[in-house]
Amino acid sequence: DQMRNIVQQMPKAELHIHIEGSLEPELIFALAQRNGVSLAYASVEELRAAYAFSDLQSFLDIYYAGASVLLKEQDFYDMTMAYLVRSHADNVRHAEIFFDPQTHTARGVPFETAINGIWRACQDGPISATLIMCFLRHLSEDDAIATLEEALPFRDKFIGVGLDSSERGHPPEKFARVFERCRQLGLRLVAHAGEEGPPAYIETALDVLNVERIDHGVRCLEDADLTARLAREQIALTVCPLSNVKLRVFGEMEEHNLATLLDAGLVATVNSDDPAYFGGYMNDNFVAVFDALPLTAAHARQLARNSFTAAFLAPEAKRAFL
Ligand code: ES4
Ligand code: ZN
C-alpha cells in the first residue's frame with residue numbers, strides 16, 4: 001500500500017538491532033547441521049512455533065538457545081551478512097549493531113571468533129555498519145569488566161558499549177564503574193532502560209552511566225518530569241514496536257505510545273530489535289506501527305530523520321546518507 005511504499009523508499013538508519021536476534025530459524029538449523037550441534041527442536045517449523053513469548057525472560061531463554069549454534073568465525077560472518085543484505089533491501093543505509101560477547105565466551109567461543117566474524121561482514125556488506133558491544137546485565141559487573149579487558153585488543157572494531165538482557169532487578173547503576181571506564185576510553189554509551197523496567201532506570205542510565213541514547217525507553221511516559229527532560233535534552237529513544245508487542249510491553253500495537261512520544265517532541269526512532277524472533281525487519285516495524293496508530297507520512301519522515309540525528313556518525317556522514 002501507500003505507507004509501505006513511503007517507508008520503503010526512505011533512507012534510514014537502524015540503531016537497535018541485536019545481531020544474535022537476526023538469526024533466522026533456517027540459518028539456526030543450517031549452522032546446527034554444519035557444526036554438529038543438536039537442537040531441542042526437530043524442525044524449523046517446531047522452532048518457529050516456540051516463538052510465543054510472555055515477557056522478556058521467556059524470549060531471552062530461546063534467544064540464548066538459538067545462539068548456541070554459533071561456533072566458528074564463519075558462522076558469525078554468515079549471520080551478520082544475512083542481516084546486512086536483508087536491511088539493504090529495506091533501504092537501511094547505516095546500522096549500529098549490538099553484539100553480546102558474553103553469550104559466546106560463556107560457551108567457550110573465543111571473543112575474537114565472534115568479533116572478527118561480525119566485523120568482517122560489516123566491512124564486506126552492502127551498507128554502512130558499526131558495532132556496539134553489550135554487557136549482559138544479569139551477569140556481574142566484574143564479568144562485564146573482564147569482558148571489556150578481553151575487548152581492548154579489538155578497540156578499533158567497535159564504537160560503543162550498551163547494556164542488555166534481563167532488565168528488572170538489574171538497574172543501570174550496577175554497571176557504574178565499567179561504564180565510567182568505557183567513557184574514559186572514548187566509547188559511545190547506550191543502555192536498554194524503561195522497556196520492562198521503571199522510569200527510574202532511564203534516569204540512572206542517564207545520570208549514573210552517562211549514556212547518550214536510551215534503548216526502548218517507552219516507559220518514560222509514566223514520569224512527566226522525565227519525559228520533559230528527554231524532550232529538552234533531545235535524548236534519543238530507540239523504539240522497537242514489534243518487539244514491544246511480542247514481549248507484551250503493550251497488549252497490542254494499537255496501544256503503543258510511539259505517536260505520543262513523537263508528539264511530546266522526543267527523538268524517537270523505529271528499530272527491529274531481534275527481527276528473526278519478533279516478526280520483522282525495519283520496514284515491517286514501520287508498517288505495523290503505522291497501520292495501528294494515527295501516524296502520517298510526516299511522522300515517517302521525522303522518524304527517518306531522527307534515525308540519522310541520533311546515529312553515532314560525523315555530521316558530514318549523516319548528510320551524505322540523507
Ligand atoms: C533484547 Cl528485546 C531485548 N531486551 C533486552 N535485551 C535483549 N537482548 C536481545 N534482545
Ligand atoms: Zn534490544
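Trainee: Which residues does Ile-118 touch, leaving out those up to four places away in sequence?

Mentor: Ile-118 touches Ile-19, Phe-76, Thr-80, Phe-99 and Leu-131. Keep in mind that this is a predicted model.

Trainee: And which residues have the most contacts inside the largest nonpolar core?

Mentor: They are Ile-97, Phe-99, Ile-118, Leu-131, Ile-132 and Ala-205, in a core of 93 residues. Strand S3, residues 128–136, gives the most to this core, with seven residues.

Trainee: Why would nonpolar residues be found together?

Mentor: In soluble globular proteins, nonpolar side chains tend to be buried together.

Trainee: OK, step back. How many helices and strands does the protein chain have?

Mentor: The protein chain has 17 helices and eight strands. Its radius of gyration is 18 Å, close to the 20 Å that the globule rule gives for 322 residues, so the chain is as compact as a globular protein of that length. Along the principal axes, the C-alpha trace spans about 50 × 45 × 40 Å.

Trainee: What share of the residues is buried?

Mentor: Buried residues make up 47% of the 322. As for contacts with a separation of 6 or more, 77% of them are between residues 24 or more positions apart.

Trainee: New topic. What does UniProt list as "active site"?

Mentor: Glu-195, and the listing comes from an unreviewed entry. Glu-195 is in the loop between strand S5 (188–193) and helix H10 (199–207).

Trainee: Is Glu-195 buried or exposed?

Mentor: Glu-195 is buried, because 24 other C-beta atoms lie within 10 Å and the cut-off for buried is 20 or more. Leaving out residues up to four places away in sequence, Glu-195 touches Leu-56, Glu-167, His-216, Val-218 and Val-249.

Trainee: What surrounds ligand 1?

Mentor: Glu-195 is one of the residues there, along with His-18, Gly-21, Leu-56, Tyr-63, Asp-164, Ser-165, His-192, Ser-243, Asp-273 and Asp-274. By class, the shell has two nonpolar, five polar and four charged residues.

Trainee: Which residues does the "binding site" annotation cover?

Mentor: In the unreviewed UniProt entry, it covers His-16, His-18, His-192 and Asp-273. They are spread over 258 residues of sequence, yet they cluster in space, with a largest C-alpha distance of 11.7 Å.

Trainee: Where does His-18 lie, and what does it touch?

Mentor: His-18 lies in strand S1. With residues up to four places away in sequence not counted, His-18 touches Phe-98, Asp-100, Asp-164, Asp-273 and Asp-274. His-18 counts as buried because it has 29 C-beta neighbours inside 10 Å.

Trainee: And where is Asp-273?

Mentor: Asp-273 is in the loop between strand S8 (267–270) and helix H14 (275–278). Asp-273 is buried, with 29 other C-beta atoms within 10 Å. Again not counting residues up to four places away, its contacts are His-16, Ile-17, His-18, Gly-21, Cys-240, Ser-243 and Phe-278.

Trainee: What about Lys-12: buried or exposed?

Mentor: Lys-12 is buried, with 29 other C-beta atoms within 10 Å. Its place is in strand S1, residues 12–18. Beyond residues up to four places away in sequence, Lys-12 touches Asn-91, Val-92, Arg-93, Met-282, Ala-304 and Ser-307.

Trainee: Asn-91 is in that list. What is its phi?

Mentor: Phi of Asn-91 is near 65°, which is a positive value in a residue other than glycine. Asn-91 lies in the loop between helix H5 (73–89) and strand S2 (92–99). Asn-91 is partly exposed, with 16 other C-beta atoms within 10 Å.

Trainee: What about the phi of Gln-234?

Mentor: Gln-234 is not a glycine either, and its phi is positive at about 50°. Gln-234 lies in the loop between H11 and strand S7 (236–239). Gln-234 is exposed, because 12 other C-beta atoms lie within 10 Å and exposed means 12 or fewer.

Trainee: Last one. Where does Ala-224 lie?

Mentor: Ala-224 lies in helix H11, residues 224–232. With 11 C-beta neighbours inside 10 Å, Ala-224 counts as exposed. From Ala-224 to His-299 there are 75 residues in sequence and 22 Å in space, C-alpha to C-alpha.

Notes
Residues are numbered from 1 along each chain as its sequence is written. Chains are lettered from A and ligands numbered from 1 in the order in which they are written. This is a predicted model: local features need pLDDT of at least 70, side-chain atom pairs count only at pLDDT 80 or more; totals for chains, interfaces and linings use all residues. UniProt positions are given in the numbering used here, feature names are shortened, and annotations may be inferred rather than shown by experiment. Helices (H or I, at least four residues) and strands (E, at least two) are DSSP runs, numbered from the N terminus. Two residues are in contact if their C-beta atoms, placed from the backbone, lie within 7 Å. A nonpolar core is a set of buried Ala, Val, Leu, Ile, Met, Phe, Trp, Tyr and Cys residues joined through C-beta atoms within 7 Å. A residue is near a molecule or strand if its C-beta atom, placed from the backbone, lies within 6 Å of it. Ala, Val, Leu, Ile, Met, Phe, Trp, Tyr, Cys and Pro count as nonpolar, Asp, Glu, Lys and Arg as charged, and the others, Gly among them, as polar. The radius of gyration is taken over C-alpha atoms; the globule rule is 2.2 Å times the number of residues to the power 0.38.
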